[in-house]
Amino acid sequence: MKRRQFNQALAAAGALTALSPFNIVRAQSRTLKVGVLLPRSGVQAGIGQDCHRAVQVAGGILGDLGLPALDIMNGDTESNVDVARSRAERLIAEGAQLLVGAFDSGQTTAIAQVAEQRGIPLVINIAAAPPITEQGYKFVFRNFPTAPMILGDAFANQLEVFSAAGAAPKTVVFMHVNDTFGVAMQKGFTGVMSKFTMPYKVVDTIAYDPAARDLSVEVAKAKASGAQALVLVSRLNDAMLITRELVKQRWSPMAVLSMGPGWYEDQYLKTLGKLGDGPMSFVPWYDPNKKLAKRLEAAHAKAFPDINLNTNHIYTFEALLVAADAFKRAGSADPKALADAIRATDIKDNVSTGPGIQFNAKGQNDKLKNSAIQNRGGKLVVVAPKGASNAKPELPMRPYDKR
Amino acid sequence: MALGLSVIFGVVRVVNFAHGEMMTVAMYLTLVLFGALKLDPLVLLVPIAAVLFVFGYLLQMALINPFINRPEHSQFMLLVAVALILVNVQLIVFGPDAQGIRTAYSFDSFQLGPLIVDAAKVYAAGAALVVAAALFAFFRFTLLGKSIRACADNYEGARVVGLNVKHLYALTFGLGAACVGAAGAMLMAVIDVTPAIGPAYTLLAFVIVITGGLGSMPGALLGGLLIGVTEALGGVLFTPSAKSMFAFGLLVLVLLFRPQGILGRKAS
Amino acid sequence: MKILEGVPRRGLAMLAALLALLLVFPFFASGYLLAIGFLILYFAYVGQAWNIMMGFAGQLSLGHSLYVGLGAYAAAALYVHFGLSPWIGLLASIGTCALAGAVIGFLAFRFGVAGVYFAILTIAFAEFARIGFDHFAWVRGSSGLFLPVANYTENDLWNLRGSPRMFYYLMLGLTAGAFVLCHALLRSRMGYYWLAIRESPEAAQALGVNIFRYKMYAVVLSAAMTSLAGVVFAFYYNNLFPEQIFHISRSIELILGPIIGGIGTLVGPLVGALLLTGLAEGMGELLLALGVDVPGVKQVFYGICLLVVVIFLPHGVWPPLARKLKLDASGK
């Protein structure tokens, strides 16, 4: 009886020692071990797998730029916060020297805490909840705009679009999905809007359940408000649902202005065909005139010919870019050196819109700019800001029944 | 879809927690067949229902039959495991992105005075009524249907009389699954499918069935109607994002004050 | 000691060895294993709490995430808004959950809602909370409640800010406490009443046992215990989102342990939690070793394993294991 337990305990101890950090003594290597955490299964699988595409393309480009190679370790957070945390711990135990991830704000926060506790830098690719960089972390960096930043640029770009197109709505109805991102945007909306002189006023605000299977009631309410244009924060499924309702309820707003994902995604364009043209999205995007952007576009098109380059790819790629660049400057994989190097990042030749990648004292890149894109002919064109665009905006939107 | 659940629970007394997941299987099947054959989903309804019937029958015979007399939590676990497997196999095979089909009438609507009615939903609703009527006729008028009802009412008696209960249970589950299959085909005409939508539909089916009355077919229809109206009204009168709360509120009231549902019979 | 009577010496010895192992575990476990250890203990604790309602009083609750969420939000909100220590905040958590449990229990028992219907009632309440909290501005609704994080170097036990090791021991304490409590309850008069109610309610009633009261005790106790898990969860993860914490998948997650381990048994939840978490991680490792990087595969195998266990071991893993370890009499 006792011996059995003893043997079991011994075996357990042995296994534990084998897995503990004592064994992981590595000489400085030329590659950086990067743990990439994404929700590749579970509810957010679509986005996680999309981000993953950038991971697959990054290696070649980074190599061409003369940056050191990254040894990528993939972790699936399964869209679950418990798993996110244990995966992060697992990757660190396996030797990850830097982490990238994780799209979902809740999971990213869990991972951020692990990163901070273990002193391993985390470069957040996508996660918009402002509090993450307000916690005073020293090892967490976010190269993605916060909701207030997205909002501010949205208004600025809208003004630019209105003046370029020579038309502007006088009244709008604001619809938003009732989840973390949607509510953050809605909260900031009126506050940020007051800093700009917008030609329109909001006549109604409609929130809807993210798990909604049917949005006919919401769209009917929006139509009934009599507004000229629709301003939204939604996700992919809602975007498709809403468009269908717009067609079925025979309402063609003057403009559809989206400040979130969905309306520009491949699935949207493919499913709706010519009914998908017209909406404008004011989102973090890439600058089509930048050298590196063109390179990423080309590599991406080669690897995934049916898929447009989008926010998920761009920012995941940039997170890896930051990692490789910091590693080169730090000259070592020591986490503290890496963190310091990341903090000193100054990459002007990047992909996303704006002056480049730099981090402020809180670890946030507050210089990022957001663009305005429009669906045209089943593809996407960038209509604002000037200098980072490649087409003129079309406003008002062609009515649905005339397509 | 709720009809299927009602049939299954009413007769076999097994709570099918994999109901929604079975429906997504049907939806994916519709997607594949539509891509291959280009037939309207309402036409594909028949073969898909047939396929799901077989699936349900086999599932019942192989896995569920031994579980009939086991406590509820065991049955529940079994179906949760099945649901988990179904969802993830779909994820692996079809990927996580939403996929849909476009028919000629996907975006049509009818205008009746001030009301605008979605064409696709009207067709789907029509198909649903046809299926419901067929099911009703089956249970009322055919020998097989009556045998199944006998089983439900009195298990021991049915066995004494010589009915092959195991077979009938499997048949019933198959029928329930066929309903689910039909529902899946109809739903594809209206929405897109991703592997993750199954669980929400399972929950919805339960809400509808319990409100309307387990084991009662008109009840399931009534329940569906009631839940739809409640949610819509809730959405219009209060904030739309909370409209599901009203459906759940209704459910709680029903459970407390009339657990057999609005049109159900008190369990024997 | 009276509390240890009825437990065979073999069982005691094994328990002691297990406890010793659990106590020294953090000293030679990597961060990863420590995180796993925490999860196992968390699910063991919550499973044990759920087990009281199910195994002891026979009520299947599929909405237990309600109590985790309420407990978590109560303590967290008090901390965020008033700086109140979670040790005080947990009183609010327990109170809220006990109340919620009492309401559900009252509604269910007075109106005769049982079996599957009871399960669905619990789901309805959890969903109600999920959507409700999404709109509850005081706890930040769907944008999530973030707890301010101070530091990671010192362990501040009073405010529950600290290293994973601190949380591990906290959870260990809770789980051990729950274990002892349940053991004591089972041996008490209430425990026998529960057994009677579970096995034969009519007979119990005929003998004068107030079924309503004892079922209520079970429900309220279960809810209150679960709320503590919520408090720890909130301070360990430092953020709460209604969509995630009240979600039905969480309710299902936390009952897998006791069902697989063995409902109504004392050790069941612990064995279940150990097995399931071990299985999940093990699958992940295996797939990694085989070089398979397809998302979803792990869950398929996990589901198949669950299926196998449910089919072949209807009473859970613990009863046959107990027999093997010759702990039969003390299986409970």
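**Close-up views of a predicted three-chain model**

**View 1. L226(B), a partly exposed leucine in helix α10.** L226(B) has a relative accessible area of 29%, so it counts as partly exposed. The model shown here, and in every view below, is predicted. L226(B) sits in helix α10 of chain B, which spans residues 217–237.

**View 2. Chain B as a whole.** The secondary structure of chain B comprises 11 helices and 2 strands. Its order along the sequence is α-α-α-α-β-β-α-α-α-α-α-α-α. Of its 268 residues, 57% are buried. Among contacts in chain B with a separation of 6 or more, 72% join residues 24 or more positions apart. The accessible surface of chain B is about 10600 Å². Carbon and sulfur atoms account for 72% of that area.

**View 3. A nonpolar surface patch built from chains B and C.** The patch covers about 580 Å². From chain B come V89(B), I92(B) and V93(B). From chain C come L286(C), L290(C), V292(C) and V294(C). Helix α4 of chain B, residues 72–94, gives the largest share, with 3 residues. I92(B) is located in this helix. Its relative accessibility is 36%, so I92(B) counts as partly exposed.

**View 4. The interface of chain C and chain B.** Here 39 residues of chain C contact 38 residues of chain B. The two chains bury about 3400 Å² between them. Carbon and sulfur atoms carry 86% of this buried area.

**View 5. The interface of chain A and chain C.** In this interface, 45 residues of chain A contact 46 residues of chain C. About 3900 Å² is buried between chain A and chain C. Carbon and sulfur atoms make up 54% of that buried area. The rule finds 4 salt bridges across this interface. K298(C) also forms a salt bridge with E78(A). The closest N and O atoms of K298(C) and E78(A) are 2.8 Å apart.

**View 6. Chain A as a whole.** Chain A has 12 helices and 12 strands. Its radius of gyration is 23 Å, close to the 22 Å that the globule rule gives for 403 residues, so chain A is as compact as a globular protein of that length. Along the principal axes, its C-alpha atoms fill a box of roughly 80 × 55 × 40 Å. Of the 403 residues, 64% are buried. Among contacts in chain A with a separation of 6 or more, 71% link residues 24 or more positions apart. The accessible surface of chain A is about 14300 Å². Carbon and sulfur atoms supply 55% of it.

**View 7. H313(A), a buried histidine in helix α11.** Helix α11 of chain A covers residues 311–330 and holds H313(A). The relative accessible area of H313(A) is 1%, under the 20% cut-off, so the residue counts as buried. Leaving out residues up to four places away in sequence, H313(A) touches D50(A), R53(A), A54(A), H300(A), I307(A) and N308(A).

**View 8. Two cis peptide bonds in chain A.** The bond from G101(A) to A102(A) is cis, with omega near -5 degrees. A102(A) lies in the loop between β3 (98–101) and α4 (105–118). The bond from L395(A) to P396(A) is also cis, with omega near -5 degrees. P396(A) belongs to the segment after β12 (379–384) of chain A.

View 9. R250(A) is not a glycine, and its phi is positive, near 60 degrees. This arginine sits in the loop between α8 (236–248) and β9 (256–258) of chain A. R250(A) counts as partly exposed, at 41% relative accessibility. N238(C), likewise not a glycine, has a positive phi near 65 degrees. N238(C) is placed in the loop between α9 (211–237) and β2 (239–240) of chain C. At 3% relative accessibility, N238(C) counts as buried.

Terms used
Residues numbered from 1 in each chain as written. Chains lettered and ligands numbered in written order. Predicted model: local features only at pLDDT ≥ 70, side-chain atom pairs only at ≥ 80, totals over all residues. Heavy atoms only, no water. Patch = residues over 30% accessible without salt bridge, like charges linked within 9 Å, V, L, I, M, F, W, Y side chains within 5 Å. Areas by Shrake-Rupley, 256 points an atom, 1.4 Å probe, with all protein chains shown as cover. Salt bridge = Lys/Arg side-chain N within 4 Å of Asp/Glu carboxyl O. Helix = DSSP H or I, 4+ residues; strand = E, 2+ residues; numbered from the N terminus. Buried < 20%, exposed > 50% of the residue type's maximum accessible area, 1.4 Å probe, protein only. Rg over C-alpha atoms; globule rule 2.2 N^0.38 Å. Contact = heavy atoms within 4.5 Å. Buried area = accessible area lost by both parts, 1.4 Å probe.
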